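Student: Can you take me through the helix packing here? I'd like to start with how the angles are defined.
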Amino acid sequence: MAAYGRPSLRDLFDESPTPHIAHPPRTHHRDFYLATDGSFRGTGAATDGGTRETAPAGGLGVVIETRDGERVARLSLPDSAPDNNVAEYRALHLGLDVLATRAPNDARVGVLIDHDDLAGNVNQAVLAARGADWGAHDLSVPGATTNHWRGIRARINGFGEIRAARIDSGVNPAHPLANAPDQYHHVNHEPDRCVLPETPRSTGGTDEQYPPPSRADRHASD
């Protein structure tokens, strides 16, 4: 089980829709899973000794696990994004940057996001990179997120395979990290880890090599 008594990122990914990309069982298992969230609450103000200062009102949350459920990293950072869209794109950009330093280039990555448009845009970018016929489909990328979107696309192209799943914020383990960075700042001091997932056991056929958790014995080794 993951932090906060929540399901592992792998379980959440397997049970969630992946916009624009089919989600057959044989493709479920990734090497790494990345959950991100960004929060925005408007500009706050803090008073210290009579001096009024602008304080970060939002935050960025990142959780990374291997398919075995081993935690790779968690981040909970205060942030002053101009709006919610920028916060979400910043969080994903941050998470992908962190994962890129701890995962091999051929890693298969599952991304979990509670932002519909961003999840869809990631998968459309994946399809476009594969040469799929998505050129006529305009991406709904907010103008203020342009620089972060460029960074996200660069990271997408840097992994072996990647796709995004849309999850609800209530089950997103990055959600509390993004919304209360003052309470979770201690996670930023966890030791750096570079954990490679164990090699899955082959059962012979390609399509059934990695049975989805909904069919597999949860108590059996992978």
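Tutor: Axes are lines fitted to C-alpha atoms, for helices over the stretch in contact, and angles run from 0 to 180 degrees between N-to-C directions. Keep in mind that this is a predicted model.

Student: OK. At what angle do α3 and α4 cross?
Tutor: Roughly 50 degrees, and the axes of α3 and helix α4 (residues 146-158) come within 10 Å. Angles under 35 degrees count as roughly parallel and 65 to 115 as roughly perpendicular, so α3 is oblique to α4.

Student: Is α3 passing α4 in a left-handed or right-handed crossing?
Tutor: The crossing of α3 with α4 is right-handed.

Student: Which residues of α3 and α4 meet?
Tutor: From α3, Leu118, Asn121, Val122, Ala125, Val126, Ala128 and Ala129; from α4, Trp149, Arg153, Ile156 and Asn157. By class, the α3 and α4 contact has 8 nonpolar, 2 polar and 1 charged residues.

Student: Switching to α2. How do the axes of α2 and α3 cross?
Tutor: Helix α2 (residues 84-100) and helix α3 (residues 116-129) have axes that come within 10 Å and cross at roughly 45 degrees. The two helices, α2 and α3, are therefore oblique to each other. Their crossing is right-handed.

Student: And which residues make that contact?
Tutor: Glu88, Tyr89 and Leu92 on the α2 side, with Leu118, Asn121 and Val122 on the α3 side. The contact of α2 with α3 divides into 4 nonpolar, 1 polar and 1 charged residues.

Notes: Residues are numbered from 1 along each chain as its sequence is written. This is a predicted model: local features need pLDDT of at least 70, side-chain atom pairs count only at pLDDT 80 or more; totals for chains, interfaces and linings use all residues. Side-chain values use heavy atoms; hydrogens and water are left out. Helices (H or I, at least four residues) and strands (E, at least two) are DSSP runs, numbered from the N terminus. Angles under 35 degrees count as roughly parallel, over 145 as roughly antiparallel, 65 to 115 as roughly perpendicular and the rest as oblique. A crossing is left-handed if the near helix is turned anticlockwise from the far one by less than a right angle, and right-handed if clockwise. Contact means heavy atoms within 4.5 Å. Ala, Val, Leu, Ile, Met, Phe, Trp, Tyr, Cys and Pro count as nonpolar, Asp, Glu, Lys and Arg as charged, and the others, Gly among them, as polar.
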